[in-house]
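I opened this entry to keep track of what I looked up, step by step. The notes follow the order in which I went through the structure.

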Amino acid sequence: MPIAGEVAILGTGYCKFGENFNSDYKDMLVDAAYLAYADAKIDPGQIQAAWLGTYLPYAWGFEGVAGSTLADTLALSPIPVVRVSNYCATGLEAVRNAAFAVACGEYDVVMACGVEKMREVPGRGSLVAQHVEKGHPVYCKGRTAPGIFALLASRYLHVNKLSDEILGKVAVKNHHNGSMNPKAHFQREITLEQARKAPPVAEPLRLFDCCPTTDGAAVVILTRKELAQKLNKDYLLIKGFGAATNGGYFTIQFEPDFDFLGFRATQEAAKSAYRQAGISDPAKEIHVADCHDCFTITEIINYEDLGFAPRGQGWRLIEEGVTSLEGRLPVNTGGGLKCSGHPIGASGIRMLSEVCDQIRGRCGKRQVKRADIGLAHTLGGPGTVACVAVVGRP
Amino acid sequence: MVGITGYGVHVPRYRLTGQVVGAAWGGPGGKTERAVANHDEDAVTMAWAALDSCLAGKSQNEVGGIYLASTSLPYLEMGNSALVASALDLACEIHSADFSGSVRAAASAFLSAINGVKAGAARSVLIAASDLRQAEPGSPAELEVGDAAGGLMVGSDNVIAEIKEVISLTREIVDIWRREGETYPHEEDARFVRENAMLPLLKEAADKLLKKAGLSKDKINKVVFAAPDAKTAQTFHKSLGFSEASALGGELYQKIGNSGAAMPVLLLIQALETAQPGDRIIWLVYGGGCDAFLLEATDKIASAPNRGSLGKAIEFRRVISSYGKYLQFRGSLPSEKVNPYTSPIILNREEAAIIRLHGVRCQNCGERYFPPRRICKKCRTKDKMDDWKIGHRGKIYTLTKDHLPPTPDPPVVMASADLEGGGRFYGQMADCDAAKAEIGMEVELTFRRLHEGSGFINYFWKMRPI
């Protein structure tokens, strides 16, 4: 059996995202898992297998090297658990693998968890240090996460003759959404002036163009469609799930045919997910989306890669308010990575959770009007891996 | 005929001015300025730059040897010249050696090169004289010394200045010294050194050279020697008794500073730049003795490929904004310690790509790749790749000024550039005014220090605005 139309989401949950100095990796996992159990209306004993998404154990925290961390922490042994790692697409990749296991009939109820404990070290010791001190000895030295996406921002603004104001507008939108999400890392609004006057990070990206370094955990519980109805009537279905790769971690910026205006991994993952879901015009058929806004420019480029806007027109969705909460296609309704924060392994599942909450009408002040079909998208590495999940009512 | 067949210079882009030093230490500072190596430059990278310029338009295949002269070699043990040879993409079947010990090192290298070519051991030999001169912060020497490199090619085809006569003197004298572990050289009493050591030896060498050549002083058109500063050079010239017209101008002292082992070569290049066919040049190189050379410019001198490059290198300048930044460049201030992952095993395995800049081209479909790969992404042909040398010039396709990575000179400008002849390069920019860096800017690849992970120097290529 394929995943699409057959695998059901029983429930989701995620802990408070932020600088969780008083919670460790395992605390966050426990908090997220028990929220998900309750949401799915199941008992922990019903979980038959699990997937643990943690991008870089031992880099900034000390847990999550293998699946046994999950099994032991949640007292689920001896169920099988494996760790999944796929750059920033780690969380959705864990879900995709868990979904396969359900679809093939091996298990009835499984869970996918994403956990990343990044703030055991100073922010600078986290992802920046990874780039400075790890990786190929000479290729790409001087590259940082914002630096990767700033190369696209420079090119995008240059080609489309735009000023950096458009980037600031993405930040303003996501801060507005984040201000209504009690679990977001940042819960306050900012002004466009604040965004434009913030210190530069990797030009043209400034402080408010960048997601923060965050701790968090998120969990989703899956089952087969036929079982879902018995377990939890308020279940959703995975309508399509695509994943794709493109380019090497240390080579993509050397590739002469990379135009620095879009990510082929996202385009291919979306194409696959849309085909499975029977979507031909995503701009009209997707009602709500959480896309990978690690940096403001990424959100604009995602619009184009996901087919929400034609090439070179993604910025117009921001300019015209299309992707605001009141717009035709609200994006990053919980504040996105920008404000929810980006604990790498947890992000994809937090995004899926937000989309499910919108479809199930539980988002309170940030609830959008129409949300029957939603999309979650994660992009990893220097744009070299991507996952796109389309979910909706049965 | 054996002689100089080409030359090249590298003067670092940055200048430390009397004004900046004066502001830091409260003194007048004066009007002079000196060249300061960027934080990612050293004697090896500057030598590469001078020889890369020297080799322009020539074939690497004719080079049979490479000699590197310096008192500031980055490695006390390890073949510095071999590293420069690799960055120049020279063949393996050549002779290489490091010359050090005193500021006479370049003359020793030059003499060895001449003898090698004369003996038929090599068609051409490259010599780089390169020095990063350290001076104690706050000392007068801080504005007198300078960082630079000069390159010479010695051979027997297309000679621009023929070697007519050579003599060598060796004399032990404790004048200027630096012991292992010391950063700054000591100098014995200046008057003693200049009047009792330098000048008498220069005189003796010049006289003996002229006697051997059977020439009188009035037959010499240019007298070239390095002195501690421009004023002393003038005084020495008078004392040596040559014509006033045979003296060189003092601009190298005033605009670059005394560049140690590189200084005699830069001064010789200064003389070659204005020499006319038939001009006789005496080149005296002091240090633990004195080597003296009589050269005669040939009719090819006026069309020497790099004629005018010294003046251009002096003019391509950017004043270092503060004394603090200068100290950062020299590593004199405590800074954020980083230890990037690296391994000589990896660097050795990837030497052709990382140091020689060789990519690959698919034999089946012609697609080019840098860094190299085994399976063609276009046609999936496996292990059928030809060697492809990437172009060293290009145009910025996109860039960012990144304020996050630790560096003595923030921000780090990271760029992806389309290269002449195809392919793309991605990495840091060097000698770059970040405010002026933009899409479309023309750049060239330059060999620089990247980091010191694992305690050794990891060199790589950066993009420098042309």
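**Where the chains meet**

I began with one residue pair across the two chains: Ala202(A) stands opposite Asp402(B), which belongs to β18(B). I note here that the model is a predicted one. The pair made me look up the strands around it. β5(A) pairs with β18(B), residues 393-402 of chain B, in the antiparallel sense over 2 bridges.

Next I looked up the whole contact between the chains. Chain A puts 30 residues into it, and chain B puts 37 residues. On the chain A side, I found three elements that each supply at least two residues: α4 (127-133), α5 (145-159) and β5 (200-203). Which element of chain A gives the most to this side? It is α5(A), with 7 residues. I also sorted the chain A side by class, and got 15 nonpolar, 8 polar and 7 charged residues.

**Chain A as a whole**

I then stepped back to chain A. I count 14 helices and 11 strands in its secondary structure. Its radius of gyration is 19 Å, close to the 21 Å that the globule rule gives for 394 residues, so chain A is as compact as a globular protein of that length. The C-alpha trace spans about 55 × 45 × 40 Å along the principal axes of chain A. Of the 394 residues in chain A, 63% are buried. I also looked at contacts in chain A between residues at least 6 apart in sequence; 79% of these join residues at least 24 apart.

**Domains of chain A**

I looked up how chain A is divided. Domain 1 covers 7-122 + 214-237, and domain 2 covers 138-212 + 239-392. Their C-alpha centres lie 23 Å apart. Across the boundary, 36 residues of domain 1 of chain A are in contact with 36 residues of domain 2 of chain A. On the domain 1 side, the elements giving two or more residues are β1 (7-14), α3 (90-103), β4 (109-116), β7 (216-224) and β8 (236-245) of chain A. α3(A) gives the most to that side, with 7 residues. By class, the domain 1 side divides into 19 nonpolar, 11 polar and 6 charged residues.

**Helix α6 of chain A**

I picked out one helix, α6(A), which runs over residues 165-178. I checked its length: at 1.5 Å a residue, its 14 residues should span 20 Å, and the end C-alpha atoms are 20 Å apart, which agrees. Is α6(A) largely enclosed or largely open? I found 12 of its 14 residues buried, so α6(A) is largely enclosed by the rest of the structure. Among the buried residues are Ile166(A), Leu167(A), Val170(A) and Val172(A), and also Lys169(A) and Lys173(A). I then asked what the buried residues of α6(A) pack against. The elements are α5, α7 (192-197), β6 (205-206), α11 (296-305), α12 (314-319) and α13 (336-340) of chain A.

**Gly392 of chain A**

I looked up Gly392(A) and found it in strand β11, residues 385-392 of chain A. Gly392(A) is buried, with 22 other C-beta atoms within 10 Å. Leaving aside neighbours within four places in sequence, its contacts are Leu236(A), Leu237(A), Lys239(A), Ile359(A), Asp372(A), Ile373(A) and Gly374(A). I also took one distance: Gly392(A) and Asp281(A) are 16 Å apart in space, C-alpha to C-alpha, and 111 residues apart in sequence.

**Chain B**

I repeated the overall look-up for chain B. I count 13 helices and 22 strands. A compact globule of 466 residues would have a radius of gyration near 23 Å, and chain B has 23 Å, which agrees. Its C-alpha trace spans about 70 × 55 × 40 Å along its principal axes. Buried residues make up 49% of the 466 residues. For contacts in chain B between residues at least 6 apart in sequence, 71% join residues at least 24 apart.

I ended with one sheet of chain B. It is an open sheet of 3 strands in the order β16-β15-β17, with antiparallel pairing. The edge strands are β16 (368-369) and β17 (385-389) of chain B, and each pairs on one side only. β15(B), residues 358-362, pairs with β16(B) over 2 bridges. In that part of the sheet, Val360(B) stands opposite Tyr369(B) of β16(B).

Terms used: Residues are numbered from 1 along each chain as its sequence is written. Chains are lettered from A and ligands numbered from 1 in the order in which they are written. This is a predicted model: local features need pLDDT of at least 70, side-chain atom pairs count only at pLDDT 80 or more; totals for chains, interfaces and linings use all residues. Helices (H or I, at least four residues) and strands (E, at least two) are DSSP runs, numbered from the N terminus. The radius of gyration is taken over C-alpha atoms; the globule rule is 2.2 Å times the number of residues to the power 0.38. A residue is buried if 20 or more other C-beta atoms lie within 10 Å of its own, exposed if 12 or fewer, and partly exposed in between; C-beta atoms are placed from the backbone. Two residues are in contact if their C-beta atoms, placed from the backbone, lie within 7 Å. Ala, Val, Leu, Ile, Met, Phe, Trp, Tyr, Cys and Pro count as nonpolar, Asp, Glu, Lys and Arg as charged, and the others, Gly among them, as polar. Two strands pair if DSSP finds at least two bridges between them. The expected span of a helix is 1.5 Å times one less than its number of residues. Domain bounds come from an automatic or database domain assignment.
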